[in-house]
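Subject: Structure for your files

Hello,

Here is the structure I said I would pass on. My notes on it follow below.

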Amino acid sequence: MFRFFHQFLAVKTFDTLLAWAAPVLGALSFALLAVGLSWGLLFAPSDYQQLDAFRIIYVHVPSAFLSLFIYSVMAVCALMALVFHIKIFDYWARGSASVGAAFTFLALLTGALWGKPMWGTWWVWDARLTSELVLLFIYLGIILLRNALEQANQPQTLAQILTLVGFVNIPIIHFSVNWWFTLHQGATLSKFAKPSMHPDMLWPLLICIAGFMFYYFAVAALQARRFIWQKHAADKWLKERV
Amino acid sequence: MFEIFDMGPYNFYVWGSVASALLLMGVFAWRSYAQFQKIRQQIKWSVDVQS
């Protein structure tokens, strides 16, 4: 049984899985985003206070959610790679970093575009906004460190430790709206028990989040494959695949 | 139904957000694909040279 599961941890098997998964997940993401964005932007009713400006939620909330989710995945992968020395977790964490940075930047950008008409300002040094900006800097630091370690032909141990240290920022971002008095509103996604959104607005949001999630898995799979192929270029199994 | 060309003062903000998201995601996905294909071509070239 151990041998059955062990084969899935091998780099060769992981690469096969990613080669199959990337196009399938990419197509799923495209379909879900087409449905979710069309529904949310064209057919969902307007908000009674924010009117049509609320529709920014269909790109802002998925981006912000993914920025935290991807970092959490990276932290779990870094821990597994650090403790058990399983290479595929490190490849996935490395492949995820740039996607996470892109979504964090997008969350900040769309947040600014939402803040201007609703708050009257592009930016405030609010706890939620500032901690999200810190997350972007952590992502960029990890990417730079990983590239530097790769160029120096050093193991990625320091980057894995930095990823774990940076994880302290995730609960700070999530609970910032509860711990401090902020201009940013409370959590949207933790209100499923008693949804504060009408189903006509909520469903397209959930579809958009699923579309963004599949996008992450598809693009991170491409990125992870790039790092695998760079590292294992001399391996016989890989040469047979080109 | 949402009036695409008649959103008043919010037009720029909503479509700016959606356009920037789709543009960033599209460019990033294409770049990731191109980077992988570049590595693949390099390895293919080295295999062809060796054989």
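Is A:Phe54 buried or exposed? The model is a predicted one, and in it A:Phe54 has a relative accessibility of 4%, so this residue counts as buried. A:Tyr58 is at 1% relative accessibility and therefore counts as buried too. The cut-off for buried is under 20% relative accessible area.

These two residues also form an aromatic pair. The ring centres of A:Phe54 and A:Tyr58 lie 5.8 Å apart with the planes at 70°, which makes the pair edge-to-face. A:Trp123 is partly exposed at a relative accessible area of 27%, whereas A:Trp125, at 68%, is exposed.

Over all chains, a search of the whole structure gives 18 aromatic pairs. One aromatic cluster is made up of A:Phe14, A:Phe65, A:Phe69, A:Trp92, A:Tyr216 and A:Phe217. There is also a charge over a ring: the charged end of A:Arg94 sits 4.1 Å from the centre of the ring of A:Phe227.

Now to the interface. On the chain B side 29 residues are in contact with chain A, and they touch 39 residues of chain A. Between them the two chains bury about 3,100 Å², and 80% of that area is on carbon and sulfur atoms. The side of chain B that touches chain A consists of 21 nonpolar, six polar and two charged residues.

How many salt bridges does the rule find across the interface of chain B and chain A? The number is zero. Polar contacts between chain B and chain A come to four residue pairs, with both residues of a pair at pLDDT 80 or more.

Regards

How values were computed:
Residues numbered from 1 in each chain as written. Chains lettered and ligands numbered in written order. Predicted model: local features only at pLDDT ≥ 70, side-chain atom pairs only at ≥ 80, totals over all residues. Heavy atoms only, no water. Contact = heavy atoms within 4.5 Å. Buried area = accessible area lost by both parts, 1.4 Å probe. Salt bridge = Lys/Arg side-chain N within 4 Å of Asp/Glu carboxyl O. Polar contact = N/O pair within 3.5 Å; in protein donor to acceptor, adjacent residues only side chain to side chain. Nonpolar A, V, L, I, M, F, W, Y, C, P; charged D, E, K, R; others polar. Phe/Tyr/Trp six-rings, centres within 6.5 Å; stacked < 30°, edge-to-face > 60°. Buried < 20%, exposed > 50% of the residue type's maximum accessible area, 1.4 Å probe, protein only. Lys NZ or Arg CZ within 6 Å of the ring centre and 35° of its normal.
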